[in-house]
Amino acid sequence: MEKKPRIEDSPSKLPSHAKVVIIGGGVIGCSVAYHLIKLGWKDVVLLERAQLTAGTTWHAAGLIEAGGFFSATSIGMAKYTLELYSRLEDETSQSTGYKAVGMLEFANSLSRLEEMRRIAAFDNQFGVPMEEISPEKVKKLWPLAYTADILAGFFTSIDGRVNPIDVTMALAKGARMGGAQIFEDTPVTGIKKENRKVSGVVTDNGVIQAEYVVNCAGMWAREVGKMVGVNVPLQPVEHYYLITEPIEGINRDLPVLVDLDKYAYFREETGGVLLGLFEPISAPWALEGIPKDFTFGEINPNWERMSPYIEEAMKRIPALMNAGIHKFFCGPESFTPDLEPLMGLAPELDNFYVAAGFNSLGILMGGGAGKVLARWIVDGVPDVDVTEFDIARMLPFQNTPKYLNDRTVEVLGFMFEEGYPNKHFKTARNVRKSAFHDRLAEAGAYFGTYAGWEYPDWFAPEGIEPKVKYSWKRQNWFEYSAAEHQATRQNVTMLDYSVMGKILVQGRDAEKYLNRICANNVAVPVNRIVYTQWLNATGTIEADLTVTRLAEDQFLILTGDGTITAVQAWLRRHIPADAHVFVTNITSAYSVLNIQGPKSRDFLSRITHVDMSNEAFPFLTMQEIDIGYALVKALRITYVGELGWELYIPTEFSLHVFDTLVEAGVDLGLKNMGLQALDTLRLEKAYRDYGNDIDNTDSPLEVGLSYFVDFNKPGGFIGRDALLQRKDAGLKYRMVQFLLEDPEPLLHYGEIIYRDGEPVGYIMSGGYGHTLGASVGVGPVENEGETVSVDYINSGTYEIDIAGVRHPATASLRPMYDPKLKRVRC
């Protein structure tokens with residue numbers, strides 16, 4: 001592959017100032033520059049430490065695909081990338097090597113077949129023609145492939161390949177044609193910072209003052225982030241491909257071939273085959289830091305480690321076994337702990353953006369990533385759902401060398417494995433544990449992981465090992481979780497909810513500024529709980545949480561721990577520095593036990609001296625209660641639709657309270673509950689989940705949360721005017737609850753919703769409604785750009801597509817379970 005930079009007529013002197021300075025000249029950095037220019041920002045400077053593409057872009061395989069994704073944002077970014085690359089040569093006169101040869105994926109098992117059918121139905125809804133084809137047709141498309149063991153192929157005709165160096169140079173040229181300046185051989189050695197803003201970039205060739213800085217430094221992004229205290233957890237990993245000598249029957253028109261179960265992909269390269277690997281046990285690289293002079297660099301390949309994977313992959317194309325090896329290549333690619341990119345405004349600063357960690361998908365995501373981030377920078381808010389990509393989701397411990405080393409052993413192979421909705425990473429586990437962890441393990445808990453926490457997912461009965469047997473049908477724990485679900489509806493259960501993020505906001509100005517941030521009114525009496533959303537200036541949701549007033553000058557914010565960094569950043573950005581307000585993360589100060597069910601009042605009344613009656617302790621209030629020796633904050637609130645309390649226990653009293661509760665609940669039949677049951681319970685009640693059902697593109701109006709918006713409170717709130725404009729314009733979609741008529745199929749995510757035979761949306765979250773008697777889910781219903789009225793929702797006949805088969809469903813705008821909140825308020 002060519003390694004010479006092809007940028008011509010570079011400016012010789014750095015400017016003293018730029019509106020935006022982009023650090024990194026790979027495909028992502030050049031794409032961000034290109035798209036900023038397209039949005040009208042001409043004063044853009046890109047700094048590259050060596051030459052464009054010299055880090056990881058130059059050795060990419062150049063695959064581009066829109067098919068195979070199971071996320072609306074990912075499909076949108078990949079599809080736009082493909083479209084951009086197809087026309088970029090016409091715009092810039094710079095070749096990109098674009099060739100739409102198509103992409104062919106295999107299903108070798110019934111489980112993989114169902115997954116691929118689910119993905120295909122989803123992708124086709126977004127205009128990506130992913131077609132299921134027979135093994136015979138697979139053989140015609142790839143005559144040298146062994147097909148006797150496959151059940152079906154999935155062919156996406158619009159996918160293909162590009163030359164990664166050429167496409168990057170085309171983006172760079174397009175940016176320069178619009179006025180951007182690009183400087184090679186200009187490593188960044190420092191970044192100037194004033195308070196919470198960066199003010200300039202320091203290089204060996206001078207200093208540039210900047211209004212915005214964008215970290216697109218690829219595998220160096222972690223080091224660049226450290227210059228200004230920004231958390232960018234990614235790790236370079238060895239990534240391999242093999243190129244054979246020419247083989248008879250191989251030509252440039254062959255589709256890219258992907259065999260997920262063999263962790264391999266194949267494409268033509270100079271008449272031979274390029275075989276790329278995503279092996280299940282990978283090797284982190286440069287744990288002590290990337291060599292300073294690493295430019296267009298290669299890593300000495302480990303034949304011994306990789307030979308078993310190569311031999312297994314070659315079975316798919318037997319002709320490879322006798323072909324000569326032209327090149328066995330190993331180069332670094334950067335991977336993130338959760339296999340999602342790191343994008344957006346860094347939570348630590350107010351004008352420092354990041355686009356890095358694309359997990360070997362930088363080329364096929366490059367165009368879309370640049371477009372999304374450029375719009376985010378220019379508008380101040382993203383125009384697509386970024387909850388899965390937003391860098392603010394990451395936590396500081398995830399950037400420690402030990403954590404990154406341990407996790408990245410698993411990440412390459414994880415990308416090719418089946419994406420069951422309850423599948424978790426196995427590495428870098430069993431460290432962030434609640435105080436109850438060992439007690440729960442003894443009780444048969446199977447643990448999942450969230451924000452590093454080990455949480456109980458479900459409980460196995462005594463004598464049964466808590467182990468998952470994965471399937472797209474009912475998994476082995478289905479009945480165990482069903483019992484937890486029904487116990488919550490009929491009796492009383494206890495859930496370890498310590499994963500909740502807890503933020504204390506206090507000071508004499510706390511009410512003033514919190515009430516401006518919250519869409520609901522938090523100027524309430526002491527001990528009242530308020531459910532609210534935080535909105536941005538466009539009226540869409542930034543956070544979904546509760547605020548409890550502890551005192552006149554003290555509030556407790558409860559949010560998911562995966563959003564706690566973003567929530568703290570939002571508070572900092574919207575509370576003036578001179579305000580008398582102090583924000584403290586107190587997550588580790590309290591353990592949480594969630595007691596839910598119609599007998600929860602009887603249960604707690606046994607062990608506390610506080611009156612737990614409805615009159616003395618009404619819904620959405622908090623009181624301090626005694627349990628044994630401990631004083632516990634008890635919040636009467638529910639996420640399952642039953643009478644219940646969340647108990648916030650000082651950490652040092654955690655086990656004492658846990659043991660007291662367990663002992664007192666023996667004769668009542670107190671049952672442990674996991675988060676699988678929590679999810680199915682809340683879906684029956686149609687409670688929303690930020691990051692799953694709802695995201696940063698929704699306003700409270702579309703998703704049924706307008707009841708929790710106080711338009712008339714004094715002083716208003718952020719986003720009020722935009723929300724009123726949305727209300728006046730009419731809703732373009734509404735979030736609807738669905739219940740399948742057939743009790744057998746399972747809803748998970750992404751199943752297409754049909755109204756009167758036409759696709760109108762897709763399921764955002766699904767699970768089995770053990771009380772309602774069938775699968776239940778929530779998803780938006782649209783009307784081809786027209787407003788969506790209540791009558792429109794109620795007058796339709798609905799079906800849900802599950803892996804290509806449509807199932808009749810009932811739709812409702814009101815919760816199907818206890819719509820009048822009688823059980824919650826009793």
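This is a predicted model: local features need pLDDT of at least 70, side-chain atom pairs count only at pLDDT 80 or more; totals for chains, interfaces and linings use all residues.

1. The buried residues of helix H13 are covered by elements that include strand S23 (500–506), helix H12 (510–517), strand S24 (529–535), strand S25 (541–551), strand S26 (554–560) and strand S27 (582–585). Helix H13 itself spans residues 564–574, and its buried residues are Ile564, Thr565, Val567, Ala569, Trp570 and Leu571. Here helices (H or I, at least four residues) and strands (E, at least two) are DSSP runs, numbered from the N terminus. Buried means under 20% relative accessible area, exposed over 50%, and partly exposed in between (1.4 Å probe, protein chains only).

2. Residues are numbered from 1 along each chain as its sequence is written, and side-chain values use heavy atoms, with hydrogens and water left out.

3. Pro576 lies in the loop that joins H13 to S27. With a relative accessible area of 33%, Pro576 is partly exposed. Its C-alpha atom is separated by 46 Å from that of Tyr768, 192 residues apart along the chain.

4. As to overall architecture, the protein chain has 18 helices and 39 strands. Its radius of gyration is 27 Å, close to the 28 Å given by the globule rule for 826 residues, so the chain is as compact as a globular protein of that length. That radius is taken over C-alpha atoms, and the rule is 2.2 Å times the number of residues to the power 0.38. Along the principal axes, the C-alpha atoms fill a box of roughly 80 × 65 × 55 Å.

5. Of the 826 residues in the protein chain, 61% are buried. Among contacts (heavy atoms within 4.5 Å) with a separation of 6 or more, 73% are between residues 24 or more positions apart.

6. The accessible surface of the protein chain is about 31000 Å², and carbon and sulfur atoms hold 49% of that area. Accessible areas come from the Shrake-Rupley method with a 1.4 Å probe; for residues, only the protein chains shown count as cover.

7. The largest nonpolar core has 95 residues, of which Ile22, Leu36, Tyr85, Val214, Tyr265, Met343 and Leu373 touch the most other members. Helix H8 (residues 362–379) gives the most to this core, with 9 residues. A second, separate core of 64 residues includes Val228, Leu277, Phe294 and Ile310. A nonpolar core is a set of buried Ala, Val, Leu, Ile, Met, Phe, Trp, Tyr and Cys residues joined through side-chain atoms within 4.5 Å.

8. Which residues does Ile22 contact, leaving aside its neighbours within four places in sequence? They are Gly29, Val32, Ala33, Leu36, Val44, Val45, Leu46, Leu47, Val214 and Cys216.

9. Val201 belongs to strand S10 (residues 197–203) and is buried, at 0% relative accessibility. Apart from neighbours within four places in sequence, Val201 is in contact with Val21, Leu47, Val188, Gly190, Gly206, Val207, Ile208 and Val213. Val201 and Leu643, 442 residues apart in sequence, lie 56 Å apart in space, C-alpha to C-alpha.

10. Ser93 is not a glycine, yet has a positive phi of about 65°; Ser93 sits in the loop between helix H2 (72–92) and strand S4 (103–107) and is exposed, at 63% relative accessibility. Ala803, also not a glycine, has a positive phi of about 55°. Ala803 is placed in the loop between strand S38 (798–802) and strand S39 (805–812) and counts as buried, at 16% relative accessibility.

11. Gly40 is located in the loop between helix H1 (27–38) and strand S2 (44–47). It is partly exposed, with a relative accessible area of 44%. Although Gly40 and Val378 are 338 residues apart in sequence, they are 9.3 Å apart in space, C-alpha to C-alpha.
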